[in-house]
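Trainee: I would like to learn how to read the features of a model one at a time, with the general idea before the particular case. Could we begin with a helix?

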Amino acid sequence: MTNMKNFLLLLLAVSLFSFITTKKNIIASKVTVPPGTVMLREGLYIDKFEISNAMWREFTHGWLLGVEDDTASFNKMAPDSTVWYSLKIDRDRFIYNYHVASQFGNFPAVGISYEQAVAFCEWRTDRVNEMIDKNPGNFSFRKVTYRLPTEGEWELAAAGKLDTARYPYGSMETKILTKEDSLKMFNCVYADLDSIHNTIQPLPVSIDYGKANGYGIYNIIGNVAEMVSEKGLAKGGFYELPLEYCKIRERSGYNTPNRYLGFRCICTTNSGFGIKPDKDALKNEKPAKTESKKDRSKKKTQGFEVDQ
């Protein structure tokens with residue numbers, strides 16, 4: 001049993017490292033960027049992609065079930081497949097296949113609660129720090145902390161190094177022009193293009209869909225809305241929202257897991273040279289402005305309370 005557990009740990013470590021690192025992160029045999037992320041500024045990084053179903057299964061099937069043999073925790077961390085009940089077409093395929101079938105492995109993990117997302121971040125932090133502890137000479141930092149981003153951190157990443165007053169989607173274009181057609185830059189509702197292509201039911205797409213923004217981040221606008229550190233608040237819009245409601249400054253609310261909501265992790269590093277503790281980023285975030293009745297009404301329209 002011990003040998004089998006060690007074998008599973010080895011497989012998980014190889015698999016985990018493969019989905020959270022890239023060749024660009026390695027210079028002179030050292031990992032200089034926390035696995036799976038791109039740099040926003042020194043000591044602050046964010047996931048290049050939304051957390052996918054395959055990544056989530058590394059946590060649940062690979063670790064909780066395969067390594068820990070913890071059925072109770074495995075069941076507690078299972079995504080809620082009932083979120084697909086409100087789908088207009090092809091409902092059963094998504095209910096029974098979306099979270100487990102390999103064809104959806106590279107699609108964003110949804111049906112996840114805030115608490116489950118936090119648990120994933122903590123697990124990921126522990127696993128990466130274990131790798132660093134075992135091979136400290138291979139990393140340019142001593143510790144990492146993965147967590148949900150603050151709203152300010154998320155907006156910084158979504159801006160893609162552009163002025164959001166001029167470029168509210170963090171991109172200079174909102175369409176991809178080809179010789180034959182115009183395509184969506186973001187996976188949200190484009191009234192003109194969806195009419196032309198007879199889109200009946202908007203759906204999530206692969207986490208590497210489209211073009212990356214100026215930081216190298218994919219799908220931070222559209223596809224699925226992304227949880228931030230403030231529980232009940234999501235950013236970026238989602239695949240069933242009109243493009244105009246997916247601007248960086250827009251906010252959406254949620255109460256429960258649903259098919260529109262996913263997440264990506266922010267990551268802070270500690271190199272041992274006086275970088276502030278990770279908790280400071282949360283402490284220094286400016287509180288959200290008090291909302292008017294009009295704002296709250298607008299937020300509900302954009303949020304997940306509709307069409308549950």
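Trainee: Is helix α6 (residues 151-159) largely enclosed or open, and why?

Mentor: A general point comes first: an α-helix has 3.6 residues a turn, so residues three or four places apart point the same way. In this predicted model, seven of the nine residues of helix α6 are buried, and the helix is therefore largely enclosed by the rest of the structure.

Trainee: Which residues of α6 are buried, and what follows the helix?

Mentor: The buried residues of α6 are E151, E153, W154, E155, A157, A158 and A159. After α6 comes G160, which has a positive phi, near 60°.

Trainee: How should I read a strand, taking β12 (residues 266-270) as the case?

Mentor: In a regular strand the side chains alternate between the two faces of the sheet. For β12, four of the five residues are buried, so this strand is largely enclosed by the rest of the structure.

Trainee: Which strands pair with β12, and over how many bridges?

Mentor: Strand β4 (residues 44-47) runs antiparallel to β12 and is joined to it by three bridges, with L44 having T268 as its bridge partner. Strand β5 (residues 143-147) also pairs with β12 in the antiparallel sense, over five bridges, and here Y146 stands opposite C267.

Trainee: In what order do the strands of the four-stranded open sheet lie?

Mentor: The order is β10-β9-β8-β11, with mixed pairing. The edge strands of this sheet are β10 and β11, each of which pairs on one side only. Between β9 and β10, which run antiparallel, there are three bridges, and K235 has R251 in β10 as its bridge partner.

Trainee: How are aromatic pairs read, and how many does the structure hold?

Mentor: A pair of aromatic rings is described by the distance of the centres and the angle of the planes. The structure holds 20 such aromatic pairs. In one of them, the rings of F238 and Y239 have centres 6.4 Å apart and planes at 80°, so this pair is edge-to-face. F238 is buried at 3% relative accessibility, and Y239 is buried at 0%.

Trainee: What is the geometry of the pair that Y239 forms with Y260, and which parts does that pair tie together?

Mentor: The pair of Y239 and Y260 is tilted, with 5.8 Å from centre to centre and 45° between the planes. Because Y239 lies in the loop between β9 (233-235) and β10 (251-253), while Y260 lies in the loop between β10 and β11 (261-262), the pair ties together parts that are 21 residues apart in sequence. Both Y239 and Y260 are buried. Elsewhere, W56, F59, F120, W123 and F263 are linked into a cluster by ring pairs.

Trainee: Finally, where does the pLDDT call for attention?

Mentor: The mean pLDDT of the protein is 85, and 77% of its residues reach 70 or more. Over residues 273-278, however, pLDDT stays under 50, and the model has five contacts beyond four places in sequence for them. Over residues 283-308 the pLDDT is also below 50, and this stretch has 45 contacts in the model beyond near neighbours in sequence.

Note on methods. Residues numbered from 1 in each chain as written. Heavy atoms only, no water. Buried < 20%, exposed > 50% of the residue type's maximum accessible area, 1.4 Å probe, protein only. Helix = DSSP H or I, 4+ residues; strand = E, 2+ residues; numbered from the N terminus. Pairing = 2+ DSSP bridges. pLDDT = per-residue confidence, 0-100. Contact = heavy atoms within 4.5 Å. Phe/Tyr/Trp six-rings, centres within 6.5 Å; stacked < 30°, edge-to-face > 60°.
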